[in-house]
Amino acid sequence: MNQSRDERYKLIEREHPELSLTVQAGLLGLSRASLYYVPVEPSEKKIAIKHRIDELYTAHPFLGSRKMAAILSQEGLSISRPTAQKYMREMGIAAIAPGPSLSKRSKGHKIYPYLLRGLKIERPNQVWGIDITYIRMLKGWMYLVAILDWFSRYVVSWELDQTLEIPFVLLSLDQALEQARPEIVNSDQGSQFTSQEYIRCLKTAGVRISMDGRGRFLDNIFTERLWRTIKYEEVYLNEYLSPRETRQGLRRYLHFYNYERPHQSLDYRTPAQSYFMDQLLTKRFLKKGKEIFSAAGASLTFQDLGRSG
C-alpha cells in the first residue's frame with residue numbers, strides 16, 4: 001500500500017457498521033493496539049532543534065553530537081550533548097568522523113562486507129544504493145527512503161513514513177525489484193538494512209549485499225549527494241503542513257529530478273535518459289547484431305550497427 005502510516009490511520013472508521021477495528025487494522029497493515037494510542041505532539045523547541053540539526057548535518061556531515069550541541073547552544077537552542085546524541089539517533093544520522101556509530105544495527109545480525117571499493121560502475125542496475133533521510137515538516141517530520149542507481153543517478157523507488165520501522169523500507173525495495181534486478185545493493189549498517197526481512201528479500205532476488213564501513217560517509221557518497229540535492233532544491237524551500245503535502249511535494253520534485261533535471265556528471269543528460277537509454281541501446285545493438293549476422297554472416301562492428309539504424 002503506497003500510503004504513509006498517517007494516511008492509513010485516517011482511513012479508519014471507528015463506527016463502521018460492518019468492519020470491526022481489528023479487521024480494518026489488518027486490512028490497512030496497522031497494529032490494533034496503535035488505534036487506541038494518542039500520540040503526543042512534539043514541542044516547538046524539539047521540532048526547531050531537529051530541523052536545525054538536519055540543516056547543519058546536510059551542510060557539514062562531519063559534525064558529531066559534541067560540536068552539534070555547541071553550535072546549537074551558540075545559536076540560542078540550548079541543548080546538552082546527550083540530547084543531541086538522542087535526537088541524531090532518532091533522526092537516523094551519524095557523523096562521518098571515526099567513532100561510535102549512531103546508526104544502530106540489529107543485534108546478532110550479520111554485517112556484510114563493502115563490495116564497491118575499486119569497482120568501476122559501468123552500467124545501469126550494476127549497483128543500487130539505499131538509504132534513509134529526515135524530511136522536515138512545519139510541525140513535525142517524516143523519513144524518506146530511496147533507492148538510487150549509482151550509474152545513472154536515477155531514483156528507482158522511494159517511500160515516506162513517520163517512523164524508522166522496517167515496513168516502508170521493504171515496500172520501497174519490493175517496488176524497485178519489480179522494475180529491475182541489480183547486481184549489488186549497498187546500504188549502511190542500520191537496523192533496517194541488517195534485519196532478517198531485508199536480507200531475505202535481497203537474497204531471494206539473487207542480489208549481492210554490500211554494507212558501508214561504520215562512520216564511512218564516502219562509502220555511500222552518491223546517495224548522500226542525492227539527499228543534499230533534494231533538501232536544498234525542494235525541502236528547505238517549502239513548509240509542508242501534512243504528510244500528504246510532503247508526499248505530493250516530493251513526488252513532484254523526484255519526477256523533475258529523474259526526468260527533467262540534467263546532471264553535469266551525465267554529460268547533461270537526465271538520470272532517466274541515462275538509466276533507460278543505456279539499457280535500450282544495449283538491447284538495440286544486440287537485436288541489430290543478430291539481424292546482421294543472420295542476413296550476411298559477416299563480422300559485426302559498431303559501425304555496422306550504426307549504419308543499420
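Two strands count as paired if DSSP finds at least two bridges between them. This is a predicted model, in which local features need pLDDT of at least 70 and side-chain atom pairs count only at pLDDT 80 or more, while totals for chains, interfaces and linings use all residues. Residues are numbered from 1 along each chain as its sequence is written, and side-chain values use heavy atoms, with hydrogens and water left out.

Back to the β1 and β2 pair. A hairpin of two residues links β1 to β2, and across the pairing you will find Y134 opposite Y143 of β2. β1 also has a parallel partner, strand β4 (residues 184-187), to which three bridges join it. In that pairing W128 stands opposite V185, and G129 stands opposite N186.

Now zoom out to the whole sheet. Five strands make up an open sheet with mixed pairing, in the order β3-β2-β1-β4-β5. At the edges sit β3 (155-161) and β5 (208-211), each of which pairs on one side only. On average, neighbouring strands of this sheet are turned by 25° against each other, with direction ignored.

How enclosed is β1? Strand β1 (residues 127-137) is largely enclosed by the rest of the structure, because 11 of its 11 residues are buried. Buried means under 20% relative accessible area, exposed means over 50%, and partly exposed lies in between, using a 1.4 Å probe and protein chains only. In a regular strand the side chains alternate between the two faces of the sheet. Both faces of β1 are covered: V127, G129, D131, T133, I135 and M137 are buried on one side, and W128, I130, I132, Y134 and R136 are buried on the other.

One is helix α6 (residues 167-179), which runs at about 160° to β3, and another is α10, which runs at about 170° to β3. These angles run from 0 to 180 degrees between N-to-C directions, and axes are lines fitted to C-alpha atoms, for helices over the stretch in contact.

Q126 lies in the loop between α5 (81-91) and β1, and Q126 is buried, with a relative accessible area of 4%. Leaving out residues up to four places away in sequence, Q126 touches L119, K120, I121, D149, E183 and I184; contact here means heavy atoms within 4.5 Å.

Next, the helix pairs. Two packed helices are described by the angle between their axes and the distance between the axes. The axes of helix α9 (residues 221-233) and helix α10 (residues 243-259) come within 11 Å and cross at roughly 120°. That makes α9 oblique to α10, since angles under 35 degrees count as roughly parallel, over 145 as roughly antiparallel, 65 to 115 as roughly perpendicular and the rest as oblique. From α9, residues L226, T229, I230 and E233 meet L250, Y253, L254, F256 and Y257 of α10. These residues divide into seven nonpolar, one polar and one charged. Ala, Val, Leu, Ile, Met, Phe, Trp, Tyr, Cys and Pro count as nonpolar, Asp, Glu, Lys and Arg as charged, and the others, Gly among them, as polar.

Helix α3 (residues 44-59) and α5 pack at an angle of about 70°, with axes 11 Å apart, which makes α3 roughly perpendicular to α5. K46, I49, K50, I53 and D54 of α3 make the contact with Y87, M88, E90 and M91 of α5. By class, that contact has five nonpolar, no polar and four charged residues.

Finally, Y232 in helix α9 is partly exposed, with a relative accessible area of 42%. Setting aside neighbours within four places in sequence, Y232 is in contact with T58, A59 and L237. The C-alpha atoms of Y232 and A59 are separated by 9.7 Å, although the two are 173 residues apart along the chain.

Definitions and conventions: Helix = DSSP H or I, 4+ residues; strand = E, 2+ residues; numbered from the N terminus.
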